[in-house]
Amino acid sequence: MAKKPLSALMRLRTLRFVTQRELADALGVTVNTVANWEKGRSVPKLTPSQYKTLLKTLEITPDELPDHFGPTNNMTEPKTDNQ
C-alpha cells in the first residue's frame with residue numbers, strides 16, 4: 001500500500017526539524033490545531049502576526065507557503081459613491 005504524501009505544511013515543518021509542539025507554541029495554537037491543518041481537517045485562519053511568525057519559524061518566504069495559509073483579512077471593501 002502506498003504511503004499518503006506529506007502535506008505541504010508537514011513537509012516544510014519537518015525539513016526545518018520543527019515539531020508540531022514548537023510550531024503550535026510559536027503561533028499560540030494547540031498541537032491539535034497544527035495536526036488538523038496538516039491533515040487538511042481545518043483551514044488555518046492566521047492573524048498577520050501569526051503569519052509572520054510562521055514564516056520566521058519555518059524559515060520560508062510567503063511564496064513557499066500554500067495559499068490557504070495567508071493571513072485573514074477582516075477588512076471589507078470600501079463602498080464608493082458610484083454604486
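Modeller: A residue is called buried when its relative accessible area is under 20%, exposed when that area is over 50%, and partly exposed in between (1.4 Å probe, protein chains only). The model is predicted: local features need pLDDT of at least 70, side-chain atom pairs count only at pLDDT 80 or more, and totals for chains, interfaces and linings use all residues. Residues are numbered from 1 along each chain as its sequence is written, and side-chain values use heavy atoms, with hydrogens and water left out.

The part in view is helix α4, residues 48-58. Helices here are DSSP runs (H or I, at least four residues), numbered from the N terminus. The buried residues of α4 are Q50, Y51, L54, L55 and L58. Seen down the helix axis, they fall within an arc of 140°, so they line one face of α4; the arc is that of the directions from the helix axis to the C-beta atoms. S49, K52 and K56 are exposed on the other side of α4.

The cover over the buried residues of α4 includes α1 and α2. With α2 (residues 20-27), the axes come within 9 Å and cross at roughly 145°. Axes are lines fitted to C-alpha atoms, for helices over the stretch in contact, and angles run from 0 to 180 degrees between N-to-C directions. The crossing of α2 and α4 is right-handed, a term used if the near helix is turned clockwise from the far one by less than a right angle. L23, A26 and L27 of α2 meet Q50, T53, L54 and T57 of α4, where contact means heavy atoms within 4.5 Å. By type, these residues are 4 nonpolar, 3 polar and no charged. Ala and Leu count among the nonpolar residues, while Asp, Glu, Lys and Arg are the charged ones.

After α4 comes E59, with a positive phi near 55°.

How values were computed
Helix = DSSP H or I, 4+ residues; strand = E, 2+ residues; numbered from the N terminus.
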